[in-house]
Amino acid sequence: MNCISIAADKLATGAIAETHAQTETSGIALAPQPSHLPTRTAPTNVVIEAILSRSAAKYYDPAATLSDDQIRDLVRIGTSAPTSFHLQNWRFIAVRTPEAKARLRPIAWNQPAITDAAVTFIIIGRLADASTVPERLAPVVEAGIMPAHLVPEWEAPARGLYDDQPQRQRDEAVRSATFGAAAIIYTARSLGLGSTPMIGFDAEAVHREFGLADDEIPVMLLTVGPERDGNWPQKPRMPVADVLDFA
């Protein structure tokens with residue numbers, strides 16, 4: 001699969017209608033654009049190309065591995081994603097040994113990718129806790145980014161938003177974990193690795209088997225690793241005109 005050509009096809013879209021990326025081996029020609037639609041050159045760079053060429057990998061090279069340092073890098077970059085009030089309310093378990101994979105696979109719908117991929121991350125969201133705001137902001141103050149007197153001005157609204165609001169705390173846990181997972185997905189793609197987010201697992205069993213805390217939610221599993229042949233290119237998406245309104 002030529003990532004650049006797929007991305008270029010996808011990026012060659014009109015302002016209203018977009019064509020779908022095709023591979024040379026698909027045998028399907030790009031749909032012609034209606035003559036009345038305006039055309040333009042869409043922006044592109046290596047980041048956009050990585051995003052637009054990403055697809056969910058089903059087949060991984062079972063002999064491939066990632067080093068612990070490579071796994072740390074994925075998480076380090078992934079945690080640059082945004083979180084509300086800089087809570088960073090996430091945690092990641094890298095399931096990469098055969099023993100750990102064997103524990104996870106039966107409670108993850110017995111999906112082969114769990115054992116074939118180099119690593120499966122358990123993406124964990126922590127219930128939003130406003131009392132952690134001063135601790136999370138301390139390095140920001142030390143780095144000279146934020147004045148210390150602003151910390152209470154962040155903590156007070158965070159308490160108003162989350163204290164005694166269990167559903168909102170949970171929503172923020174899922175939101176933060178998803179942002180982190182997305183950043184890892186695109187980082188992996190930029191490094192030539194496949195990835196697949198999964199919701200097919202027994203959340204209670206994962207919570208129990210991997211010792212999650214009471215305030216932690218296993219939001220998704222995310223397999224990452226070198227791919228083998230057989231994976232599809234990115235599937236066509238709905239036209240922008242169907243999902244975008246201007247106000």
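User: Is Glu-216 buried or exposed?

Analyst: This is a predicted model, and the relative accessibility computed for Glu-216 is 5%. Because buried means under 20% relative accessible area, Glu-216 counts as buried.

User: Which residue meets the side chain of Glu-216 in a salt bridge at 3.0 Å, N to O?

Analyst: Glu-216 lies in strand S4 (residues 216-225) and its partner in strand S2 (residues 119-126), so the pair ties together parts that are 90 residues apart in sequence. The partner is partly exposed, with a relative accessible area of 27%, and it also belongs to a network of salt bridges with Arg-91 and Glu-216. The residue that meets Glu-216 is Arg-126.

User: What separates Glu-155 and Arg-159 along helix H7?

Analyst: These two side chains form a salt bridge, with the closest N and O atoms 3.0 Å apart. Glu-155 is buried at 19% relative accessible area, whereas Arg-159 is partly exposed at 34%. Because they are four residues apart in helix H7, their separation is about one helical turn.

User: How are the rings of Phe-85 and Trp-154 arranged, edge-to-face or stacked?

Analyst: The pair links distant parts of the chain, with Phe-85 in the loop between helix H3 (68-78) and strand S1 (90-95) and Trp-154 in helix H7 (residues 151-162). The ring centres are 6.5 Å apart and the planes stand at 75 degrees. Since planes over 60 degrees apart count as edge-to-face, the arrangement of Phe-85 and Trp-154 is edge-to-face.

Conventions: Residues are numbered from 1 along each chain as its sequence is written. This is a predicted model: local features need pLDDT of at least 70, side-chain atom pairs count only at pLDDT 80 or more; totals for chains, interfaces and linings use all residues. Side-chain values use heavy atoms; hydrogens and water are left out. Rings of Phe, Tyr and Trp (its six-membered ring) pair if their centres lie within 6.5 Å; planes under 30 degrees apart count as stacked, over 60 as edge-to-face and the rest as tilted. Helices (H or I, at least four residues) and strands (E, at least two) are DSSP runs, numbered from the N terminus. A salt bridge is a side-chain nitrogen of Lys or Arg within 4 Å of a carboxyl oxygen of Asp or Glu. Buried means under 20% relative accessible area, exposed over 50%, partly exposed in between (1.4 Å probe, protein chains only).
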